[in-house]
Each structure stands twice: as structure tokens, then as C-alpha cells.
Amino acid sequence: MHTTGPWISSAGMIVSKADHKAIAGIAGTNPNRDANARLIAAAPDLLKAAERGMAVLRDGATIPQLEAWRDFARAAIAKAKGTTVS
């Protein structure tokens, strides 16, 4: 089991939003350090979006449920990319 999300990233560190304990860090001078940290920090949200998507495919869903899943998945992807949902 992994540390419960959500996670946040700051200066190459990934921490639990709930208690601010360190989960991981990106070492070195990699120019993609912050982008890598954002992607790792988005992992719990991306996992949840994938699980919800699988449940929708397995169980079927109403239009409002599909829209809610779509919005959650868009937010998780935006978090991973460091962008905003448009």
C-alpha cells in the first residue's frame, strides 16, 4: 500500500498534503526535476482516475457519472503536467 494522497510537489520534493511528510525527492540537477516531481505527485490522482474509469467500463454509468469521471481525470492530468484544466 502506498501513502494516501493527495501528494504535492515543491522544489523537487514530493510530500503528503495531509501531514507534509516526505514521500520522495528528485536529486541532482536534472532540468526536468520539477516536471518529474509533479508527475510523481500526481500518481495517486492518476491511479484513482484509472480505477474510476475501469469501474465505469465494467459497471456502466449515467451521463453525470461519466462527466464526473471525465472532470476528475482532466484534473489529474493537469496536475501531472503542471497546467490548469481548460
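In which sense do strand β1 and strand β2 pair, and over how many bridges? Strand β1 (residues 7-10) and strand β2 (residues 13-16) are antiparallel partners, joined over four bridges. Strands here are DSSP E runs of at least two residues, helices are H or I runs of at least four, and both are numbered from the N terminus; two strands pair if DSSP finds at least two bridges between them. This is a predicted model, in which local features need pLDDT of at least 70 and side-chain atom pairs count only at pLDDT 80 or more, while totals for chains, interfaces and linings use all residues. Residues are numbered from 1 along each chain as its sequence is written, and side-chain values use heavy atoms, with hydrogens and water left out.

Let's look at some bridge partners.

The open sheet has three strands in the order β1-β2-β3, with antiparallel pairing. Because β1 and β3 (22-25) stand at the edges with a single partner strand each, one side of each has no neighbour in the sheet. From one strand to the next, the twist averages 25°.

## The helices

Helix α1 (residues 33-41) packs against helix α2 (residues 43-59) at an angle of about 45°, and their axes are 5 Å apart. That makes α1 oblique to α2 (under 35 degrees is roughly parallel, over 145 roughly antiparallel, 65 to 115 roughly perpendicular, and the rest oblique). Axes are lines fitted to C-alpha atoms, for helices over the stretch in contact, and angles run from 0 to 180 degrees between N-to-C directions.

L39, I40 and A41 of α1 meet A43, P44 and L46 of α2, where contact means heavy atoms within 4.5 Å. These contact residues divide into six nonpolar, no polar and no charged. Nonpolar means Ala, Val, Leu, Ile, Met, Phe, Trp, Tyr, Cys and Pro; charged means Asp, Glu, Lys and Arg; the others, Gly among them, are polar. Helix α1 also lies across β1 and β2, running at about 170° to β1.
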